[in-house]
Amino acid sequence: PAPPLAPARPVRRLVLVSRRGPYAPGAGALAAELAGLGAQVTVAACDVSKRPELERLLAGIPPGHALTGVVHAAGVLDDALVGSLTPERADRVLAAKADAAWHLHDLTRDLELGMFVLFSSAAGVLGSPGQGNYAAANAFLDALAVWRQARGLPGVSVAWGLWEAASEMVGQSGTRVTARGVSGLSAAEGLSLLDAALARGQAAVVAARLDAARIAAG
């Protein structure tokens, strides 16, 4: 059995990384669920946007179990219209997305990875009022995947639309996005779309349920 990240691609060893690591809400339950599916799971605290921390994390991976894939799924929102979008507010959002992705790319580029997946957002493709910083950060991810593929490196950036499941990020932007013609994906639909994106092999794809007529009207 495969952990639920990508059902068609069994993974036996996982390193799950977040800034709070094992103290993040739900981390213990997730690790237990994945272990029950046959995976060996390590939960680690690391701010991937800080290169020295990521270097230490990668150096701690046992030599006998080389890193073979990367999935970067972090994100931070700090919405603001242009008049109040300060450099600090842009930096905060760009760090979680663009800085972290670049460090992951640069520190693993010489490894024989089979997968390098970036979780982007449709905000970088469709635009989203008040999210200039977030749109730019995700456009960087899409461009990085294209840049990697052009150099013979694995790279897929999936620009996600809205998710049905409640979360801090969905709570901040869900109503606005829904009004613009994007409706929520279930977890099962999202996993199927992730598998489809990886099978397709295209560098940048959009995974979203769109109401084309409403989007066109807007």
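## Exercises around helix 5

The backbone oxygen of Tyr-134 lies 2.8 Å from a polar atom of the side chain of Asn-138. This is a predicted model, where local features need pLDDT of at least 70, side-chain atom pairs count only at pLDDT 80 or more, and totals for chains, interfaces and linings use all residues. Residues are numbered from 1 along each chain as its sequence is written, and side-chain values use heavy atoms, leaving out hydrogens and water.

**Exercise 1.** Work out whether Asn-138 is buried or exposed, and what Asn-138 touches.

*Solution.* 
- Step 1: read its relative accessible area, which is 0%. Buried means under 20%, exposed over 50%, partly exposed in between (1.4 Å probe, protein chains only), so Asn-138 is buried.
- Step 2: list the contacts (heavy atoms within 4.5 Å). Leaving aside residues up to four places away in sequence, Asn-138 touches Lys-97, Phe-119, Ser-120, Ser-121 and Gly-124.

**Exercise 2.** Compare the span of helix 5 with the expected value.

*Solution.* 
- Step 1: take residues 132-150, which make 19 residues.
- Step 2: the expected span is 1.5 Å times one less than the number of residues, giving 27 Å here.
- Step 3: from first C-alpha to last, helix 5 reaches 27 Å, close to that expectation.
- Step 4: look just past the helix, where Gly-152 takes a positive phi of about 80°.

**Exercise 3.** Classify Leu-126 by its accessible area.

*Solution.* 
- Step 1: locate Leu-126 in helix 4 (residues 123-126).
- Step 2: its relative accessible area is 37%, so Leu-126 is partly exposed.

Technical notes:
Helices (H or I, at least four residues) and strands (E, at least two) are DSSP runs, numbered from the N terminus. A polar contact is a pair of N or O atoms within 3.5 Å; within protein, one must be able to donate a hydrogen and the other to accept it, and residues adjacent in sequence count only if both atoms are side-chain atoms.
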